[in-house]
Amino acid sequence: MYSHKGMHTRKDIPTLFYDCLAEAHILAVEEKLRPYECDAYTAYKSLPLAVLLPETLEQVIKIIKRCHQENIPIVTRGAGTGLSGGAHPINNGILLNLSKLNKIHEINPDLQFARVGPGVTNLAISEAAEEYGLYYAPDPSSQIACTIGGNIAENSGGVHCLKYGLTVHNILEITYVSYDGEIITAGSECYENFGYDILSLLNGSEGMLGIVIEAKVRLLPISHNKEVILAAFNSIEDAGHAVASIIANGVIPAGLEMMDKAIIHATEYFCHPGYPLDAEAILLCELDGFEDSLKWEVDRVKYECQLANATLISRAQDKTQQDLFWKGRKAAFPAIGQLTNDYLCMDGTIPRKHLAFVLSEITRFSNEIGLGVANVFHAGDGNLHPLIMYDLNNEGELAKAEELGGKILELCVSVGGTITGEHGVGIEKLNQMCVQFESNELTQFENLKLAFDPARLLNPGKAIPTLQRCAEFGAMHVHHGKLPHPELPRF
Amino acid sequence: MSDNEQVPELIDTIKQALNSKQPLLIQGGDSKSFYGNSISADILSVKQHTGVIDYEPSELYVTARCGTPLREIEAMLAEHNQIFPFEPPSFGDDATLGGTVACGFSGPRRPYASSIRDCVLGTHIINGKGEYLKFGGQVMKNVAGYDVSRAMCGAMGTLGIITQVSLKLIPQPESELTLMLEYKPEQALNIMHQYMQTDFPITATYFENNILYIRAAGIEKTIKKIKQIIGGNELQDSQNFWVSVKEHQREFFNSDLNLWKCNVPVNSPDLAVEGDYVMEWNGGLRWYSTNDGNEKLIAATKSVRGNATLFKSTSKPNDCFTQPTGALKKLHSNLKTAFDPENILNPGRLYSWL
């Protein structure tokens, strides 16, 4: 893990910030720090020097300036729902919790945006916009709790990405504070901006480039014409073929999700959505659009599922049934949580055509290593979420689960995909970054980071591995007889 | 379609330029030399680096080398009933894919589908150190590392040569029609904003000489219904009309005056500027044909929180784009240094100081 050469201790830290925020909002004793020892990536835990809970922008800026003066690293945190350890605290830094900056400053129905603080939850935006007939499209499964600041940091997705895009496609403007306390605004209410596309770089930068203090997010009109279709298949391959031909034939579903047998069973027992238990795979397809176009799409999806040998095709008859179909998918993670003490959630993305091969390889790895895997899949955009089931109490099982996870991610890279579609790298996938990227690409990332944060104060040690780390990982992990990062000295 | 890999040669050229500290002007089909700042530097042609590397209709992406002519790619997509969602203008038959991405050009469909930047899935670049780097990929979702690929869009080649790019595609709608309605500018804005609140399958809007043109696309039945709802007269040659808009073939775009591209919030009032204007993108894009000076245009767009680009000019101006200031300007310089420390690639093409 990263260690920053700081001179500060937990004892002297609070006094440094007394002129920045109220003493009650500076947590620096161990029992108060415990709730912050990790985010939703719970495999590792550590304590920061202090947790700071500012309530105003002025306080945030003062804190950042003080950290700059004192050379104290900052890890920014929202709701702590991140799955890859992006908000994992570091021992020699502070944890800056922005969840109190949770005001919706403005809903602008004419220009279709909401101006919000970083601590506003994803769902709260859509709730506030509803009276204007608008909503915020990206909908990560943690949307009830996760904050927009965190969504920007991770470039969060959700089930509606194929049609409506990721966070990066739905953020119009970001105001952030740089490592030295400068306020910078990138983007605007316009369709196009000037200069370099700073918004692209900030979205998904895992808090390493700047600290978001305000965002304007794009709102879309709520579609009142919606259909949900459930189709069951005797094999994953058939379901995969259905996905490819739906899209190849001109339908872009609002959501297209696949679940394997393990998930179907787990969710059926957990919340009874009415899924067919004899199916090897099911597809959930949500369609929206203008009247006749929607009818055409429904017919087309049914037809393509039939051609792909669906054993059951069911169109939800009303809103209640639509919600029921979705209920199982949305409960997939907690349902698996009932079956196992612990699980690791992978996040690889692959070109859809490799789905059948990748899933059969995952089954092979799972048998080899001896841990169960259940698969949910954002099929429309190729984003896999294999859930690796293990028990932290059994010695060595976490290591086995991590080994299995690593193999799955490397498999995704080998078929032309990526190690993370929407959860981020954080601390969890640092080693796999060494597999996906060459040394000079990682160096380019590092130089880009230094353009924003030359003092390396913002979330150090996350997302981009050092070449040193890659060399050490590579030494354990030689692929196809080819030594990765061969130009580096070995120790 | 030609298929020609030139990366080693391009790397060599950059390394030589580095040694001799000789700046390079990256050039594809030379169709967009009118756009952006003009600079004097040795020409590095990427026109020969051509070919479609991967096209998977069912995966909704295409990957091609930068020198591949845009029209050849679009013709190939059309065979599979697919299109670029951003409907790129080409400004000439020789326009290449790389140049289109480097300029960040989106056309009439932009507000209703995606911008070109939204569609970038991955790029391979050669940076100013002559390093060949791969970012992003061919999948819709990818958050491994910073999103360098997308940042190449609109950077005018100042951060690296885009040697290949993967872009997202959408299906070509079955049919389209364009309706013409007579309105005053304020009425036209109101109508466009009213339709922004609906799920009507509108795919383009254009306002010129008190006529609002609205394009809708989809299946036959839907289009008929939209015609009933919106009204107006149907334009006979819808396709050619929108080509004339996006390629600036209309008379408006070809006067002797300066042509300014002004991005403004869609509900902005008239900018207080002399001369004629037309609107696209729900009123969010306004083209001004004017003799008014740079300061006036820039101040007028700034006052409504917009940005202005001197798109076409009779003279050769030093700075065509809205300037970043303060910490944002410093960040631009830092980023340029991070990718091109010796200032070899298109120096001054985006900003005279960059």
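The accessible surface of chain A comes to about 18200 Å², and carbon and sulfur atoms account for 51% of that area. Keep in mind as you read that this is a predicted model.

**Overall form of chain A**
- The radius of gyration of chain A is 23 Å, which agrees with a compact globule, because a globule of 491 residues would have a value near 23 Å.
- Along the principal axes, the C-alpha atoms of chain A fill a box of roughly 65 × 60 × 45 Å.

**Inside chain A**
- If you like to count elements, chain A holds 17 helices and 18 strands.
- Buried residues make up 63% of the 491 in chain A.
- Take the contacts in chain A between residues at least 6 apart in sequence: 70% of them join residues at least 24 apart.

**Charge on chain A**
- Chain A carries 61 negative side chains and 38 positive ones.
- The centres of these two sets lie 3 Å apart.

**Where chain B meets chain A**
- On the chain A side, 80 residues take part in the contact, and chain B brings 74 residues.
- Together the two chains bury about 6600 Å² between them, with 59% of that area coming from carbon and sulfur atoms.
- Three residues to look for on the chain B side are B:Lys141, B:Val143 and B:Tyr146, which lose the most area to chain A.
- Together, B:Lys141, B:Val143 and B:Tyr146 give 16% of what the chain B side buries.

Key
Residues are numbered from 1 along each chain as its sequence is written. Chains are lettered from A and ligands numbered from 1 in the order in which they are written. Side-chain values use heavy atoms; hydrogens and water are left out. Helices (H or I, at least four residues) and strands (E, at least two) are DSSP runs, numbered from the N terminus. The radius of gyration is taken over C-alpha atoms; the globule rule is 2.2 Å times the number of residues to the power 0.38. Buried means under 20% relative accessible area, exposed over 50%, partly exposed in between (1.4 Å probe, protein chains only). Contact means heavy atoms within 4.5 Å. Accessible areas come from the Shrake-Rupley method with a 1.4 Å probe; for residues, only the protein chains shown count as cover. Lys and Arg count as positive and Asp and Glu as negative; His and the chain ends are not counted. The place of a charge is taken as NZ of Lys, CZ of Arg, CG of Asp or CD of Glu. Buried area is the accessible area (1.4 Å probe) that two parts lose on being put together, summed over both.
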